[in-house]
Amino acid sequence: MAKDSSYRQPLFCWQGVVYLVKGARCYRAGLSHKPGLDLTFWRQRGYQQLEVLTPPLPLGTAAFLHNLVAGCLENGALGVKHAQIAAALKMGQSRLGLPPWPHTGALPIAPLSPPPPAELALVREVLAGRILWREELAQALAERKLGVNTPLEDLGHWLYLAGEVSLLPGVGYDPDGRPRCRRCGQATGLVKVSCAACGQADCLLCEGCLAMGQSRRCRPLYARPWPSSVKPPVRPPEIWRPRLQFDLTRAQADAYREAGEFASQDKEKECLLWAACGAGKTEVAYGAIAAALARGCRVLYACPRKEVIRELHLRLQVVWPGLRLQALYGGSPGKYGPADLTLATTHQALRFYRCFDLVVLDEVDAFPLAGDPMLYHAVARARREQGQTLWLTATPPPELVARVRKGQLAVIYLPVRHHGYPLPRPEFIRETFLKPPGKGPLPRSLVRCINTTLAEGLQLLIFVPAVYMVTGVVDWLVAAWPGQAQPGDWVRGCYAAHPRREEVIAAFRRREFPVLVTTTVMERGVTIPRLHVLVLYADDERVFTASTLVQIAGRAGRSVEYPAGRVWFIARRLSQAMAEAVRQIREFNDLARRRGYLK
Ligand SMILES: [Zn+2]
Ligand SMILES: [Zn+2]
């Protein structure tokens, strides 16, 4: 069967009119790229005349004017005042800076035949719980080997008229006329572009979510919540019960049970799982996932980092062999299949709409999630309105910490690592006259820390607040190192854009040299067994926030081989962030001791 060739057009751009349709008792406002389709739809429901109010406009503009007109109708449903509508349109025009248009008059509109119900059903099915561009809708159908002959925008529009689907412009306007991206929710980073698709010189494009394809004023998004009437059957225990490959520690088992209680009841909508660095929070989250799966719920596990999703996918296939798992990240095969448990980078979560009963959000604080309203927006929208969120982190952002301290947010603590030793408490060393690298002699405390490390046969990670300081400190150490020169290359540096970064880290892991100077790029995801950690210029609060310092301190003492790694903060003064980091670590150790989790 020949498919509509327009599927293969690179981007579909929506151009349409705002109209008024007259019923027996009231008027309604509408917007359409094909008014004949709307005429058919409304005639089936007893409406007659369709009066076009505007020339064809890009979707974002049409949607804004449509809302103004609809606002007028709410006030006087029956006796529609054309003068009032004309005034509203005029105000809208001036808010958006649109040129005036000539009176459109009565355009001849011929009714079109309605789309076939079978094709509508397919779109309804693939769009369930999703928010997609027309092109993505085509991909979703193709991935499931489903085909339709009616243009997808017509099918989507018919479902929109029926109230089953939302039709949103990629970039739309708030009621005050301020543009906002409807996909990622941001009002900043919108740029005017000359658009080949809609032919306008001032089309709006969102730079914030460009990595996921162009969100523009003239592109339509079709969104449909997961239908609440479709409750999946309750799954048997052999499907939902995780097959753990090891025993949980007592602390993990307690947190696992609490996470399960959270997800099996509807008491709390949100909960924070606050775990020590390296304590195994993912395994604890299995408790919540299992409880949700047992209730027949749909679960999303989201994390900003692609590597985490890929690695987790492999692990979860072993833990839940009978479950339909789907992993979504940039470049993952297949994006639209059905799944019981979906793993996704937070970017990929932008394609879900009111879909999941439970969202587990890992590394809430990690780049690029922290301070990124777009990703919070994405995850909040992927969740069903009545759904639950479980945040997982070792270092919650200050807003979440504040809510926990005020008792406004439910919290589960996992304060101890699996080896049962306390977290290393950072030691603060004040160097009142600490100079920039290369200026003057090496600080005596730095020399002492390095000597201690070398004498114990350990390795040392030195964190500095800026990339330029990496080379600066390496050169400083090599040039000013007192006493016996170390044989060979004993100190090296690396940072995110370092040309041989992976090579340097690998050599450090192989213990080929003892001291590595680095930036916060090494703040997480690194486990080196016999390690001390030092933060130089630790009072630079722009870089070393409390969260960052807790993460950095979390590099030490991770392995059971050597749980006693030390952490030194060297700075001219004690910053608030340093004090807060020490406080959080001390509280965790106290809690672990009180609950009897410590060795
Ligand atoms: Zn956007
Ligand atoms: Zn455009």
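Modeller: The discussion below takes the metal site and then the sheet. This is a predicted model, in which local features need pLDDT of at least 70, side-chain atom pairs count only at pLDDT 80 or more, and totals for chains, interfaces and linings use all residues. Residues are numbered from 1 along each chain as its sequence is written, chains are lettered from A and ligands numbered from 1 in the order in which they are written, and side-chain values use heavy atoms, without hydrogens and water.

Colleague: Which protein donors hold the zinc ion (ligand 2)?

Modeller: Donors are N, O and S atoms within 2.8 Å of the metal (3.2 Å for Na, K and Ca); water is not among the atoms, so sites may look incomplete. Here the SG atoms of Cys195, Cys198, Cys203 and Cys218 lie 2.3 to 2.4 Å from the zinc ion (ligand 2). Along the chain, these donors follow the spacing C-x2-C-x4-C-x14-C. Cys203 belongs to strand β10 (residues 203–206) and Cys218 to the loop between β11 (215–216) and β12 (220–224), so this pair ties together parts that are 15 residues apart in sequence. Strands (E, at least two residues) and helices (H or I, at least four) are DSSP runs, numbered from the N terminus.

Colleague: Why is the arrangement around the zinc ion (ligand 2) called tetrahedral?

Modeller: Four donors count as tetrahedral if all angles lie between 85 and 135 degrees. The 4 donor atoms subtend angles of 103 to 114 degrees, which makes the arrangement around the zinc ion (ligand 2) tetrahedral.

Colleague: Is Cys203 buried or exposed?

Modeller: Buried means under 20% relative accessible area, exposed over 50%, and partly exposed in between (1.4 Å probe, protein chains only). Cys203 is buried because its relative accessibility is 0%, and Cys218 is buried with a relative accessible area of 0%.

Colleague: What is the order of the strands in the open sheet?

Modeller: Strands of a sheet pair through backbone hydrogen bonds, either parallel or antiparallel. Two strands pair if DSSP finds at least two bridges between them. The open sheet has 7 strands in the order β15-β16-β14-β17-β18-β13-β19, with parallel pairing. At its edges, β15 (325–328) and β19 (410–414) each have a single partner strand, so one side of each is left without a neighbour in the sheet.

Colleague: How many bridges join strand β17 to β18?

Modeller: Strand β17 (residues 356–362) runs parallel to β18 and is joined to it by 6 bridges; Leu361 has Trp391 in β18 as its bridge partner. Strand β13 (residues 270–275) pairs with β18 over 5 bridges, also in the parallel sense, and Leu273 stands opposite Leu392 in β18. Strand β18 (residues 383–393) has 8 of its 11 residues buried, so it is largely enclosed by the rest of the structure.

How values were computed
Tetrahedral: all angles 85-135°; square planar, octahedral: opposite > 155°, others 65-115°.
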